[in-house]
Amino acid sequence: MTTAGHNATASEREESIARRRSAISRYLGHRSLVIGGVGLALLILIAVFAPLLTWHDPYMQDLTSRRIPPIWHGWFYDNPKAGWLHPLGTDPLGRDYFTRLVYGARISLFVGFSVVALSCVIGTTLGVLAGYFGGRIDAVISFIVTTRLSMPVVLVALAVVSIFDGSLQVVILVLGLLLWDRFAVVMRSVTLQIKSQEFVTAARAVGCSNLRIILTEIMPNVANSLIIVATIEMAVAIIYEASLSFLGLGIQPPLPSWGLMLAEARPEIFFAAWMITLPGIALFLLVLFVNLLGDGVRDITAPEGRA
Amino acid sequence: MTGTRDDAPIMEAQGLTKTYTLSSGLLGKKRTLHAVRGLDLDLRRGDILGIVGESGCGKSTLSRMLLGLEAPTEGVVRIGGQPVEQIGRAALSRKVQPIFQDPFSSLNPRKTIESIISLPLRLHGIGDAASRRREVREMMERVGLPSRVAKGYPSQLSGGQRQRVSIARALITRPEIVICDEPTSALDVSVQSQILNMLQELRDELNLTYIVITHDLAVVEHLATEIAVMYLGRIVERAETERFFGDPQHPYSRALLKSVMTPDTSLGIPELGLGTAFPDPANPPPGCAFHPRCAKRFEGCDRIAPVPVPRAGGGHVECRLFETPEAAGLPDPAMTKER
Ligand SMILES: Nc1ncnc2c1ncn2[C@@H]1O[C@H](COP(=O)(O)OP(=O)(O)OP(=O)(O)O)[C@@H](O)[C@H]1O
Ligand SMILES: [Mg+2]
């Protein structure tokens, strides 16, 4: 870049521009990683330390302080009810909105991580087995995957939830048992690709068992793809949980699920739109950070980004 | 086929056959691909057997069967007189080891060089951590790797260095036999001879027996003690290196040797000047598999498969030109006329 002085030839200058552009794109790649990672880490910290961040109880109803608007209504609309006691206001039952949002992060993140953990184990196991062993095992597993893909997630989830009643556990179980298909499909193709590499043959020739080859030769090489799929599925799971809860079929009141908060705020939309926007923004940010993180991981592990 | 020496072969294959079933599409009819067709092979301790043949003639399939990585459809591989399937994987891996062609896919990119080389030791529980480290350093020195790369990853090494890592991994448990499948064809010409010289030195130091598989005769000319020429899943000629290069018998061997003289040998598959392309192993020609390309074919070659004819002083050639008239079922003049 230092050669881009006045005496640089045109081709040199072009080259330096190209170099700068690739540096920028690399920076952008890292930026989505950084924003996503930091944002998600922050939300996790908020969720973990929720009790230290607020002096209210998320379930504590106070009928004397219902529908208090957030603090900026005091600043901009001179609403006398707004104040620092409830910085983001209260809901129609007088529960502190900030507190419920903060505790809601716990639910979304817990659902996201649990569902991904469950579906990752199921999908990766199936995908790696299908890719590694091939043949009849692959045929059976591919059939299972196709069967799963032919089931609409929302309808199955609705059906199951209407039988067993919605609850945190049921939502996690249902979503975890439904959302493993992408893990299976991606892991199968990645495993197929790695299996054909000679270091796997070398490991077999050295006397490694299939289990050892899968664990020490294949798995370390699928980790990147796994992280990318995991972020996609986590975002999907979080949205599904919110949707189910919004429909009243997921997490049940009084738990402060963001989807449930959206549903509870629905009647207020014309009088207190912030009751909708706040959990909406929270949901949006969480999903955005998760997706940015996945994009960032994919960018830095893309073939051209590797040494 | 009996060698001149009377010691028992260290490795031996009899009637080795491998067929693959190809199915084209869901409803397409199944076809059988004959990768290796009833191949006999024996290898004596200390030998370096060069197996030469064009792409697709079944060299890698043969090497996988000799390594016990793939079960033959028919036939048997014996090491030290014992069939490989009875030896057991762990013991087998300490008798025979592979060295691969592609130094970029033969090393796990996620592992350090030290961990790649020491894997066989760890797997078989040989020594403790300290002695394993010593062993690895010693082996790295033997194959000419600087010890500073031990903690590094394969991506930091050059192709030649990676191939040295591959060799170190194969030799760390001191196998008796090493099967090198195109050990240098992915390397720069300048590096090729270094690796070949090193293989030669290692064989003398560690008392190894090699099978070196290649499509390039130049690779084995100075390394191998014996040459076997493979064509469509069979060994069509086998002879000691000097005799082979001095007096090749099979028309295919002659064509191969001629191609070594052309400057183009580094281009992978040598241009053989044989006109017709290599036959489809899913549909091998009847009679002698080589007859469609053979300049010396004569009456009957497209119907009658040749049988191996032993050569005086070891080796064999599988061509009807060399069969006695009775065996070939032909009148004598036909043969003499063609020669
Ligand atoms: N797993 C397999 N399934 C089906 N066909 C196979 C399989 N492995 C090898 N073949 C076929 O068997 C034949 C011999 O293959 P092989 O890899 O042994 O050839 P090669 O002599 O090593 O060739 P090259 O010099 O290109 O490495 C080829 O026609 C190949 O397509
Ligand atoms: Mg090959």
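Which side chain meets Arg311(B) in a salt bridge? The partner is Glu237(B), at 3.6 Å from N to O. This is a predicted model.

**Around ligand 1**

- The shell around ligand 1 holds 15 residues, and those that come nearest are Ser55(B), Gly56(B), Lys59(B), Ser60(B) and Thr61(B).
- Ser55(B) places a polar side-chain atom 2.5 Å from an oxygen atom of ligand 1.
- The backbone takes part too: a polar backbone atom of Gly58(B) is 3.1 Å from an oxygen atom of the ligand.
- For Cys57(B), a polar backbone atom lies 3.3 Å from an oxygen atom of ligand 1.
- The protein buries 66% of the 640 Å² that ligand 1 exposes when taken alone.
- Three elements of chain B give two or more residues to this shell: β1 (11-23), β2 (30-43) and α1 (59-66).
- Of these, α1(B) gives the most, with four residues.
- Sorted by class, the shell has six nonpolar, five polar and four charged residues.

**A salt bridge between chains**

- Side chains of opposite charge can pair when their charged atoms come close.
- Over all chains, the count comes to 29 salt bridges.
- One of them pairs Glu217(A) with Lys111(B), whose closest N and O atoms are 2.7 Å apart.
- This pair joins two chains, because Glu217(A) lies in helix α10 (residues 210-246) of chain A and Lys111(B) in the loop between β6 (96-99) and α4 (113-123) of chain B.
- Glu217(A) has a relative accessible area of 3%, so it is buried.
- Lys111(B) also counts as buried, at 12% relative accessibility.

**Salt bridges within chain B**

- Glu226(B) forms a salt bridge with Arg238(B), and their closest N and O atoms are 2.9 Å apart.
- Glu226(B) sits in strand β9 (residues 226-231) and Arg238(B) in strand β10 (residues 234-240), so the pair ties together parts that are twelve residues apart in sequence.
- Both Glu226(B) and Arg238(B) are buried.
- The opening pair, Arg311(B) and Glu237(B), links distant parts of the chain, 74 residues apart.
- Arg311(B) lies in the loop between β11 (309-310) and β12 (316-317), while Glu237(B) lies in strand β10.
- Arg311(B) and Glu237(B) are both buried.

**A network in chain A**

- Asp91(A), Arg95(A), Arg100(A) and Glu264(A) are joined into one network by salt bridges that share partners.

Key
Residues are numbered from 1 along each chain as its sequence is written. Chains are lettered from A and ligands numbered from 1 in the order in which they are written. This is a predicted model: local features need pLDDT of at least 70, side-chain atom pairs count only at pLDDT 80 or more; totals for chains, interfaces and linings use all residues. Side-chain values use heavy atoms; hydrogens and water are left out. A residue is near a molecule or strand if one of its heavy atoms lies within 4 Å of it. A polar contact is a pair of N or O atoms within 3.5 Å; within protein, one must be able to donate a hydrogen and the other to accept it, and residues adjacent in sequence count only if both atoms are side-chain atoms. Accessible areas come from the Shrake-Rupley method with a 1.4 Å probe; for residues, only the protein chains shown count as cover. Ala, Val, Leu, Ile, Met, Phe, Trp, Tyr, Cys and Pro count as nonpolar, Asp, Glu, Lys and Arg as charged, and the others, Gly among them, as polar. A salt bridge is a side-chain nitrogen of Lys or Arg within 4 Å of a carboxyl oxygen of Asp or Glu. Buried means under 20% relative accessible area, exposed over 50%, partly exposed in between (1.4 Å probe, protein chains only).
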